[in-house]
Amino acid sequence: MGEFFSKLFSGTIPLEAYIVVSLIMFFSGIYGFLSRKSLLMILISIELILNSIDINFAVFNRYLYPGNMEGFFFALFTIAISACETAVAIAIVINIYRNLNNVEVDSMTELREPSANETEIKEVNE
Amino acid sequence: MQYTLLILVLPLLAFVVLGLVDSRWKARTAGTIGTTVMGIVAILAYYTAWSYFTTANPGGVYQKFIPFQMEWMKFSDQLHIDLGILIDPISVMMLVVVSTVSLMVHIYSLRYMEGEKGFERYYAFLSLFSFSMLGLVVATNIFQMYIFWELVGVSSYLLIGFYYTKPEAVAASKKAFIITRFADLFFLIGIFLLSYYTRTFDFDVLNSGNATVFAGTAGLSFLGLSLMNWIMALIFIGGAGKSAMFPMHIWLPDAMEGPTPVSALIHAATMVVAGVYLVARLFPVYYFFAPEVLHGIAYIGIFTALFSAVIACTQTDIKRVLAYSTISQIGFMMVGLGVSGMGGHHGLGYMASMFHLFTHAMFKALLFLGAGSVIHAVHSNEMNKMGGLRKYLPVTHITFLIACLAIAGIPPFSGFFSKDEILSAAFEFNPYLGSLLIFIAGLTAFYMFRLYYGIFWTKEYKHEHIPHESPLAMLLPLIFLALVTVFAGFIPFGKFVTNDGADYHIHIDLVTASVSVAVAAVAIAISTIMYRKENKISDRIVSSFSVFFKIVVHKFYIDELYMFITKKIVFRLISAPIAWFDRTLVNGTINSFATVTQWTSLQIKGIQTGRVQQYAFVFLLSTLLIAALIIFI
C-alpha cells in the first residue's frame, strides 16, 4: 500500500488507480442497468460500461505493452461502435415513445400480455 | 392421316382461348369462334371418314390405323400410358356422330343461349366437351379412354350446372357427377385388374382375340365367377354408369336441368352412348373371354329399356320424357351388343347396335333441339302449358314429327332400319327377348306420340304472348338433322361397321319388320285416340290403375330408395361411426398432445418474464457465482 501511495504522490499514477476508476465506472453502469426503469438511463448505463472498458484498453496498452498501438485502436473502435449503438438505440427509444408515450421498461409488455395470450390459445383449440 | 390430331387439338385450343378471355370479348365473337372451330373439326371428321371408308379395305376387311401415338407416362418397360389416335370403323363413325351433333348444337346455341349470362363460358365448356368426347372415341388404349371418360364426366357436370344459381341445377350436376364417378371407380378397378393380368392397356392387343394375352387370368375365379368375367363386369359397370343403365339411371333425368342444347349433345347423342361404345370397343374380349357378362349386358339392357319406357309414359316434363326415352333406346343398343356374335351374320347385333347408335344420335338430338325450340317459344317444360302449337311452330312441328316417326320405327325413317336389325338379332338370340323388345318398341311409339300430341295438338293453352317460331339459326340444325333422319336409314351401314371389319349386307327380315311396324302403328293409333283431342280416356285409364300409375309417376321410387340407402344406412351406419372415430380418437390423440404441451408451458411460463433487467441480473449473479467458484475452489 505504501508503494501505491508513494507512486501516486510522486507523479507517476500506478496501473491499479486506473483500474479502480474503471471498476467503479463499470459497476455503476451495471447497477444503473439493473435498477433504472427509464430506457434513457439504461442506455447511459451501457455507455458507462463501454467507457470503463475503453479505459482498460488504453491503460493496459500503456502499461503492459508500451510502444504498441493495438489497445488504443481498440479503444477507438469501441467508441465508434458505441456511438453507432447509441444512435440505433435512441431511434428505437423514440419509436417506443411515439407508440407508448413513455419510455419505462415496465410498460413494454405488448409481446407477452398473459391474459390475451391464453384466451387465444384456447380459441385455437376449440 | 396425321391431320386427325387436329380434330382433338382444335377444340382444346378453343376451350383454352374461350375460357381465358371469358367475358372480355363480345358474346357473339366467342360463339362464332367456337362454332367455326367445330365446323372445321366436323369437316376434318367427314374427310377422315370419307378417306377411311374409301381406301382402308383393300381385302374387303377394314384395317386399323394409328396415325399418331406417343408415350405419355412411362413407369417401367411394361407399364406405360400412351396417348394416340386409333382410326377404325367404329371410331370413325363416332367421330362423324360427335362432330355433327356438336356442330349442330353449336349453331343452335348461338340463338338459343343468346343473352344468357356466361355465354362465353358455355361455349368454352362445349369445346371442352367436344374435345373430351372426340378423345374418348379415338383412344388407342383403355387408360387413355378412362382419362377422356372422366373429362366428359367433368364437362357434363359443368354444363348441367351451367345455371349455377338454380339449386335444382346444382343438385342435378352433383348427382350426375357422383353417380357416374361412383361407377367409374369400378371401371378403374376393372382396368387395373385387366392390365395387371394382361400387362397391357392397348386395345389392339386386347382385341386380338389371342388367348395367350389373357393367360394370366386362366383358372382364377372369385365367388364362383371366373376372373375374366369379374373384370369385364367391373368395366361394364363404368359403362352402365355413363350410359344410365338400371340402377344407375337416376342421374340422367335430373341432368335435364342443364340448357336444352346441352341435353341434346351430351345427354342424348354422345356422352350417354359412351358405355355402348366401351362395350363395342372391347367386344372381342367380351365375346371370347366373358360371354356370360355379355349376356348379362343384354338382360340389363332390356330391363332398362322396359323400365324407362314405362316411366316415360307418365312423365309430364317434355325433357324428362325424352330423357327416359334416351335411357330406353340405349337399352336397345345394349341388347344389340349383348346378343351379338362375332363376324358375318352372327355379328348382326353389333352392327345393328352401332347403326342404332348412329341414327338415334341424330333423331334424339333432333327431338331435344325441337323440344328446345318449343321451350324457347312457351318458356316452360311442362306439357300442360303447351298444346296446339303446330300452328305457331310449323318447322319445329314437322321436324319433331319426323323424329317421332323415326324413333317409333316407321319406315322409311332411319329408326326403323336400325331398330329392326336389333329386333331380328334379338329374335335369333332368344324369341322371348325379341318379343319383349317389340313390345317396348310399341311403348316407345306410344309415349313419343303422347308427347307429340301433347305439344302440338290437343287443347290450346292460353299463352300471354302468341308463341313464335324460332329464329333461323335454330331451325337450320333442325332441318339438317331431320334430313339426316329421313335418309340415314338407307346408308348401307353393314358395309362400314361390323365387328370383324368385313362387309355385311343388310337385309330386312320381313316378318320381324312387319310385326314391329304393325305394333308401332297400333301404339300410335292408341296414342292418337287418347291424346290427339282433349278427352277423358287417359284420365279414366289412370284412375283405374291408380296405384300402379302412382308408382310409375314416382319412377318406381328408385330415387327415394337411393336416398334411403345413402342417408339412413350408409350415413348412419358407416359414416357416423367413422366420423366418431376420427373426431374422438384421432383428433383426441392429437389434441391431448397439444393440451399437455400447453399445460406444461403455462406452468413454466412465469420464468420468461420478458424483462431484460431481470435477465441481466440473473446473468450477473451467475457470472459472479461461477467466478467465485473458479477462484475459491
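D184(B) is buried, with 20 other C-beta atoms within 10 Å. Burial is a neighbour count: 20 or more other C-beta atoms within 10 Å of a residue's own make it buried, 12 or fewer exposed, and anything in between partly exposed, with C-beta atoms placed from the backbone. D184(B) sits in helix α6 (residues 167–198) of chain B. Helices (H or I, at least four residues) and strands (E, at least two) are DSSP runs numbered from the N terminus. Neighbours within four places in sequence aside, D184(B) is in contact with W149(B), E150(B), G153(B), G238(B) and G241(B). Contact requires C-beta atoms, placed from the backbone, within 7 Å. I231(B) is 47 residues away from D184(B) along the chain, and their C-alpha atoms are 13 Å apart.

This is a predicted model: local features need pLDDT of at least 70 and side-chain atom pairs pLDDT 80 or more, while totals for chains, interfaces and linings use all residues. Residues are numbered from 1 along each chain as its sequence is written, and chains are lettered from A and ligands numbered from 1 in written order.

Now the chain as a whole. Chain B has 25 helices and four strands. Its C-alpha trace spans about 125 × 65 × 50 Å along the principal axes. Of its 633 residues, 50% count as buried. Among contacts with a separation of 6 or more, 80% join residues 24 or more positions apart.

Two helix pairs deserve a look. Helix α2 (residues 27–55) and helix α3 (residues 89–112) of chain B have axes that come within 9 Å and cross at roughly 155 degrees. Axes are lines fitted to C-alpha atoms, for helices over the stretch in contact, and angles run from 0 to 180 degrees between N-to-C directions. The angle therefore makes α2(B) roughly antiparallel to α3(B), a label for angles over 145 degrees. Residues of α2(B) in the contact include G31(B), G34(B) and G39(B), and those of α3(B) include L95(B), S99(B) and L103(B). The contact divides into 13 nonpolar, nine polar and no charged residues. Nonpolar means Ala, Val, Leu, Ile, Met, Phe, Trp, Tyr, Cys and Pro; charged means Asp, Glu, Lys and Arg; the others, Gly among them, are polar.

The second pair is helix α15 (residues 348–378) and helix α19 (residues 472–487) of chain B, packed at about 150 degrees with axes 9 Å apart. So α15(B) is roughly antiparallel to α19(B). This contact has 11 nonpolar, three polar and no charged residues. Among them are F363(B) and L366(B) from α15(B), and P477(B) and L481(B) from α19(B).

Technical notes. Two residues are in contact if their C-beta atoms, placed from the backbone, lie within 7 Å. Angles under 35 degrees count as roughly parallel, over 145 as roughly antiparallel, 65 to 115 as roughly perpendicular and the rest as oblique.
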